Amino acid sequence: MDTDKASVPRPKGSRNGKKAPGILKKWASRLHLWLGMIIGILVFIISITGCLYVFKDEIENQLRKQAIFHGEPSIESKTILPLRVLEAKVQEQCHEKYNVHWVDVPMDKKRSYQFYYYETDPGAWNYFDEYIIYKTAYVNPFTGKVLAVYDEKNGFFNIVKIIHWSFLLNSGWGKYVVGIPVLIFLVMLITGIILWWPKNKKARKQRFWFQWKNVRAWRRKNYDLHSILGFYASFIALIVAITGLFYAFTFVQNAIYFSFSGGKTTMPDFSGIVTTAPDSLRNEQTLDKIGRQVEALYPTAFGYSVDLGNEHLDSHEHPNFSVYVKQLGYSYHIMHQLIFDENSGALLKNYNHREKNLGEKAIGANYDVHVGAILGLPTKIIAFIASLICASLPVTGFLVWYGRRRKKKKPKPIV
């Protein structure tokens with residue numbers, strides 16, 4: 001026995017000659033472990049479904065290319081059929097017992113119109129019962145021919161989306177079943193950053209990138225994967241998590257609006273702008289009159305949506321007849337709202353995106369920030385990578401815990 005080494009006093013609170021972690025890191029470590037064990041599998045499911053959904057539009061645009069572009073020749077000399085005529089032709093060809101809900105009208109008339117069947121039962125307890133029908137019919141607007149019908153309800157990407165949204169439970173309360181784990185995940189991200197934070201300059205070099213030149217132990221490599229990738233993804237993950245919580249909790253929506261609007265607590269209210277003209281003025285051409293005004297005001301936009309005003313099972317209410325204009329094809333964050341008199345077709349309010357305060361713009365951009373579409377393909381790639389790393393964190397985190405537990409239980413050799 002080396003008596004010189006044995007006589008050297010160890011610092012108070014040390015372990016194997018190493019300085020014990022401070023109280024902040026100690027509790028951060030406990031929280032990180034306990035919470036990770038509780039919600040790890042849920043975080044994996046939420047992250048991997050978010051990852052799969054990121055490139056939904058790009059993939060569907062390729063798979064549905066023949067339906068998205070109708071290919072009608074010499075359209076410059078042809079006239080588009082009225083919306084009510086197109087609706088009747090869609091009903092005739094699709095043989096659905098439900099009414100068409102709305103239509104997406106593109107400004108580029110080389111593209112097909114998209115008519116949507118959408119009926120829900122808010123009282124159902126799961127996704128497949130809640131969504132009674134959700135289909136898209138792609139229609140040649142010059143002939144009324146239905147080019148293709150897609151069952152969105154049973155489509156891969158919509159099922160992935162609803163798993164991400166509510167674990168296939170009723171969307172009204174299932175969003176909380178997802179929202180609570182995401183709220184806990186925020187705490188884990190913060191505690192993870194605290195645990196990652198290097199205590200000195202020497203440790204800092206090791207924390208920013210992989211130093212595996214002379215490393216063979218899988219535990220060390222796994223730990224680096226968890227801590228280094230987790231650190232780099234954490235800042236994007238914080239944004240993605242907060243924008244996801246927006247859909248689960250009203251207080252998050254209010255906080256975002258309050259922060260970006262400079263302290264305002266209420267959104268602009270246009271519910272008082274309503275139809276006043278008599279029903280007798282409404283006819284088969286009213287929607288086309290509305291459409292012509294929209295296209296004259298926003299000719300450079302991507303397209304707009306028109307609710308066809310039919311009766312539906314969920315008895316939803318609209319305070320007025322609003323048409324929403326989507327400015328960009330790849331995102332929703334620039335939207336214009338136009339309010340019309342539903343009977344006369346007169347324009348009552350044109351609310352351009354430029355008129356919105358910063359809080360409204362932040363609310364409008366929330367979805368695109370969440371899915372990474374805000375700046376197109378570059379931000380989608382970032383969102384995809386960040387989501388993939390987040391999905392890996394519960395796996396590598398469990399292996400860190402398992403490796404340490406196994407190391408502690410390793411029997412001591414008999415001398």
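The following questions and answers concern a predicted model of a protein chain.

In this predicted model, local features need pLDDT of at least 70 and side-chain atom pairs count only at pLDDT 80 or more, whereas totals for chains, interfaces and linings use all residues. Residues are numbered from 1 along each chain as its sequence is written, and side-chain values use heavy atoms, with hydrogens and water left out.

User: How many helices and strands does the chain have?

Analyst: Helices (H or I, at least four residues) and strands (E, at least two) are DSSP runs, numbered from the N terminus. By this assignment, the chain has 14 helices and 8 strands.

User: What percentage of the residues in the chain is buried?

Analyst: A residue is buried under 20% relative accessible area, exposed over 50%, and partly exposed in between (1.4 Å probe, protein chains only). Of the 415 residues in the chain, the buried ones make up 42%.

User: Which residues of helix H5 are buried, and where do they fall around the helix axis?

Analyst: The buried residues of H5 are Leu83, Leu86, Glu87, Val90 and Cys94. Seen down the axis of H5, they fall within an arc of 100 degrees, the arc being that of the directions from the helix axis to the C-beta atoms. An α-helix has 3.6 residues a turn, so residues three or four places apart point the same way. The buried residues of H5 therefore line one face of the helix.

User: What covers the buried residues of H5?

Analyst: Contact means heavy atoms within 4.5 Å. The cover includes strand E1 (102–106), strand E2 (113–120), strand E3 (131–139), strand E4 (146–151) and helix H12 (286–297).

User: Which elements do the buried residues of H12 pack against?

Analyst: In H12, the buried residues are Thr286, Leu287, Asp288, Ile290, Gly291 and Val294. These buried residues pack against H5, strand E5 (303–307), strand E6 (321–326) and strand E7 (335–340).

User: Is His95 buried or exposed?

Analyst: His95 is found in the loop between H5 and E1. Although His95 is not a glycine, its phi is positive, about 55 degrees. With a relative accessibility of 67%, His95 counts as exposed.

User: Is Phe167 buried or exposed?

Analyst: Phe167 is placed in the loop between helix H7 (156–166) and helix H8 (171–196). Phe167 is not a glycine, yet it has a positive phi of about 55 degrees. Its relative accessible area is 18%, so Phe167 is buried.

User: Which residues does Ala67 touch, not counting residues up to four places away in sequence?

Analyst: Ala67 is found in helix H4 (residues 65–68) and is buried, with a relative accessible area of 3%. Its C-alpha atom is separated by 7.9 Å from that of Val139, 72 residues apart along the chain. With residues up to four places away in sequence not counted, Ala67 touches Ser112, Tyr138, Leu147, Ala148 and Tyr150.

User: Which residues meet Glu60 in a salt bridge?

Analyst: A salt bridge is a side-chain nitrogen of Lys or Arg within 4 Å of a carboxyl oxygen of Asp or Glu. Glu60 is buried, with a relative accessible area of 14%. Lys56 and Glu60 both lie in helix H3 (residues 56–63), 4 residues apart, about one turn of the helix. The side chain of Glu60 meets those of Lys56 (3.5 Å, N to O) and Arg64 (3.6 Å, N to O).

User: How many residues apart in sequence are the parts that Lys135 and Glu96 tie together?

Analyst: Lys135 forms a salt bridge with Glu96, the closest N and O atoms being 2.8 Å apart. Lys135 lies in strand E3 and Glu96 in the loop between H5 and E1, so the pair ties together parts whose separation in sequence is 39 residues.

User: Which element gives the largest share of the nonpolar patch?

Analyst: Patches are made of residues with over 30% relative accessible area and no salt bridge: like charges are joined within 9 Å, nonpolar side chains (Val, Leu, Ile, Met, Phe, Trp, Tyr) within 5 Å. The nonpolar patch on the surface, which includes Ile23, Trp218 and Tyr402, has about 1100 Å² of accessible area together (Shrake-Rupley method with a 1.4 Å probe; for residues, only the protein chains shown count as cover). Helix H2 (23–53) and helix H14 (377–409) are the elements that give two or more residues to the patch. The largest share, 7 residues, comes from H2.
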